[in-house]
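The following questions and answers are meant for a reader who is new to this structure. Please look through the sequence and the model before reading on.

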Amino acid sequence: MANNKKNVTPEQAKYQQFEQQRETKRPVVKNCLKAFFFGGIFCLVGQAIQLSYIYFFNFTEQTAGNPTVATMIFIAMLLTGFGVYDRIGQVAGAGSAVPVTGFGNAVISACIEHRTEGFVLGVGSNMFKLAGSVLLFGVFSAFVVGLIKTILMQWGGL
């Protein structure tokens, strides 16, 4: 890269200086605070849903997790389908990519985008383009962790 700096023509150097003067400065701290705040709100909603499963439907803390995750994914998919999640994402930024709701948004967005191609070739084949790699990584990492735990238990480490 240092070699490229030496071979810059005066016109290119002038343009690079012009570009740097007019480059839009990104509010990194503001974006981080918004992501933290809105991500916390998403997590607070998830916690409220989990507590409602515990208190109203007699789940335990251990068993309330799965229906909570399913409910959060369903809400994210519903909001994406109505176009609300996109508006939330514009305001919340990275905070809207909390893993569970971001997963639901990614799955349903691909479905909506490819619905004109039909249910099998459009929705079915494109639904897991992004989410498929997430699922594969999750299953594989769970397998590796389970394997390590089994080995450690056999050796008496746990």
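**Fold, surface and selected residues**

In this predicted model, the elements of the protein chain, taken from the N terminus on, run α-α-α-α-α-α-α-α.

Q: How many helices and how many strands are there in the protein chain?
A: The order of elements from the N terminus is α-α-α-α-α-α-α-α. The count for the protein chain is accordingly 8 helices and 0 strands.

Q: Is the protein chain compact or spread out, judged by its radius of gyration?
A: For 158 residues the globule rule gives 15 Å, and the radius of gyration of the protein chain is well over that, at 23 Å. Along the principal axes, the C-alpha atoms fill a box of roughly 70 × 50 × 40 Å. Because its radius of gyration is well over the value from the rule, the chain is, relative to a compact globule, more spread out.

Q: What percentage of the residues in the protein chain is buried?
A: A residue counts as buried when its relative accessible area is under 20%. Thr68, at 8% relative accessibility, is buried, and Cys111, with a relative accessible area of 9%, is buried too. Of the 158 residues in the protein chain, the buried share is 22%.

Q: How many disulfides does the count come to?
A: A disulfide requires two cysteine sulfur atoms within 2.5 Å. The cysteine sulfur closest to that of Cys32 belongs to Cys43 and lies 16 Å away, so the two are too far apart for a bond. The count of disulfides comes to 0.

Q: Which residues does Thr68 touch, not counting residues up to four places away in sequence?
A: Thr68 is in helix H4. Its relative accessibility is 8%, so Thr68 counts as buried. With residues up to four places away in sequence set aside, Thr68 touches Gly46, Ile49, Gln50 and Tyr53.

Q: Is Leu79 buried or partly exposed?
A: Leu79 has its place in helix H4, which covers residues 65-81. Leaving aside neighbours within four places in sequence, Leu79 is in contact with Val84, Tyr85 and Ile88. The relative accessible area of Leu79 is 28%, and Leu79 is therefore partly exposed.

Q: How far apart are the mean positions of the positive and negative charges of the protein chain?
A: The protein chain has 12 positive and 7 negative charges. The separation of their mean positions is 7 Å.

Notes:
Residues are numbered from 1 along each chain as its sequence is written. This is a predicted model: local features need pLDDT of at least 70, side-chain atom pairs count only at pLDDT 80 or more; totals for chains, interfaces and linings use all residues. Side-chain values use heavy atoms; hydrogens and water are left out. Buried means under 20% relative accessible area, exposed over 50%, partly exposed in between (1.4 Å probe, protein chains only). Helices (H or I, at least four residues) and strands (E, at least two) are DSSP runs, numbered from the N terminus. The radius of gyration is taken over C-alpha atoms; the globule rule is 2.2 Å times the number of residues to the power 0.38. Lys and Arg count as positive and Asp and Glu as negative; His and the chain ends are not counted. The place of a charge is taken as NZ of Lys, CZ of Arg, CG of Asp or CD of Glu. Contact means heavy atoms within 4.5 Å.
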